[in-house]
Amino acid sequence: MLDRSFSRRQFLGTSALGALAGAKVLTNPARAAAETVGAKPVDLPDLTITEVKVIVLDRTRISGGPTNRGYTQIASIVTNSGIEGNYTLANRYWHPNWSNQGWLEFAKTACVGKSVLDLPALTSQWVPEMRRRGQSSYASAIDNCLWDILGKAVGLPVYRILGAYRNRVLAYASSQHHATIEQFVQEVQKCQAEGFKAYKIHPPSPRGGHDYKLDIEVCRAVRKAAGDDFILLHDP
């Protein structure tokens, strides 16, 4: 029987020691990146930011159908040494106050002429109580671009800079917001057959709405279909 106290963090393999190491890395990412390859920050390429741009991809030419109005945006920050950091940049997110509209103009002012070596100063200037009202999406795109640059500067994936202690983690399957119980049951069985060790339920959205009673029935049906020893997660 599965231990019901099994957490998502345990499933992904994050240790308390790794979390502490990560906290130290966040205070001086440049030093951590350099030390990972036995160097000093001064040995890194010139990471002065010279350009910020947004790359627009026409997905209709790739997939044959419209996705996000047919377009996907990629944030791009470029350094004097030619290293480019990227991150996906949706116009809006699910939260009504999260928006990246205006990100390009903001990022140009915040980043151009600054150094990636000063990463924390570039991404920690937002008021904490406002972080869920639009500002965090600006910070996230900049932060991810700069970490991408640091990883490329030392030739390592970012997770290694953050103090990784393993190279593999289990992957769980994640559902869509299906409209019926049967769709969830069929999907979890398919995921089990494909070898996934866990399945995350996103609540059903019948006709675009929500029904907590239906949520409960979905959980019951998926548990019955998956068995008692299969790991289930729920994203409310």
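V188 is buried, with a relative accessible area of 0%, where buried stands for under 20% relative accessible area, exposed for over 50% and partly exposed for anything in between (1.4 Å probe, protein chains only). The model described here is a predicted one, in which local features need pLDDT of at least 70, side-chain atom pairs count only at pLDDT 80 or more, and totals for chains, interfaces and linings use all residues. Residues are numbered from 1 along each chain as its sequence is written, and side-chain values use heavy atoms, with hydrogens and water left out.

V188 belongs to helix α9; helices (H or I, at least four residues) and strands (E, at least two) are DSSP runs, numbered from the N terminus. Setting aside its neighbours within four places in sequence, V188 is in contact (heavy atoms within 4.5 Å) with Y199, V222, A225, A226, F230 and L232. From V188 to S174 the C-alpha to C-alpha distance is 9.2 Å, and the two are 14 residues apart in sequence.

The helix around V188 can be viewed next. Helix α9 spans residues 181-193, 13 residues in total, and reaches 19 Å from its first C-alpha to its last, close to the 18 Å expected at 1.5 Å a residue. That expected span is 1.5 Å times one less than the number of residues in the helix. F184, V185, E187, V188 and C191 are the buried residues of α9. They sit on the same side of α9 because they cover an arc of only 165° around the axis, the arc being that of the directions from the helix axis to the C-beta atoms. An α-helix has 3.6 residues a turn, so residues three or four places apart point the same way. The exposed residues E182, Q186 and A193 are carried by the face of α9 turned away from its buried side. Following α9 comes G195, with a positive phi near 100°.

What do the buried residues of α9 pack against? Their partners are β4 (173-174), β5 (198-201), α10 (212-226) and β6 (231-234). The three strands form an open sheet with the order β4-β5-β6 and parallel pairing, two strands being paired if DSSP finds at least two bridges between them. β4 and β6 are the edge strands, each pairing on one side only. Strands β5 and β6 run parallel and are joined by four bridges. Across from Y199 stands L232 in β6, and I201 is opposite H234 in β6. Helix α9 lies across β4, β5 and β6, running at about 155° to β5; axes are lines fitted to C-alpha atoms, for helices over the stretch in contact, and angles run from 0 to 180 degrees between N-to-C directions.

Attention now turns to the core of the chain. The largest nonpolar core has 30 residues, and those with the most contacts inside it are L47, I49, I77, W103 and L146. Such a core is a set of buried Ala, Val, Leu, Ile, Met, Phe, Trp, Tyr and Cys residues joined through side-chain atoms within 4.5 Å. At least two residues of this largest core are supplied by each of α3 (29-36), β1 (49-58), β2 (71-79), α5 (103-111), α6 (119-123) and α7 (131-154). Helix α7 gives the largest share of this core, 10 residues. Residues up to four places away in sequence not being counted, I77 touches I49, E51, V52, I83, E84, G85, C111, I142, C145, L146 and I149. Another core, of 11 residues, lies apart from the largest one and has C191, Y199, V218 and A226 among its members.

Two further helices deserve a look. In α5, the buried residues are W103, A107, A110 and C111. Their arc around the axis is only 80°, which puts them on the same side of α5. In α3, the buried residues are P29, A30, A32, A33 and A34. G38, which follows α3, has a positive phi near 70°.

As for the chain overall, there are 10 helices and six strands. Of its 236 residues, 34% count as buried. Among contacts in the chain with a separation of 6 or more, 67% are accounted for by residues 24 or more positions apart.
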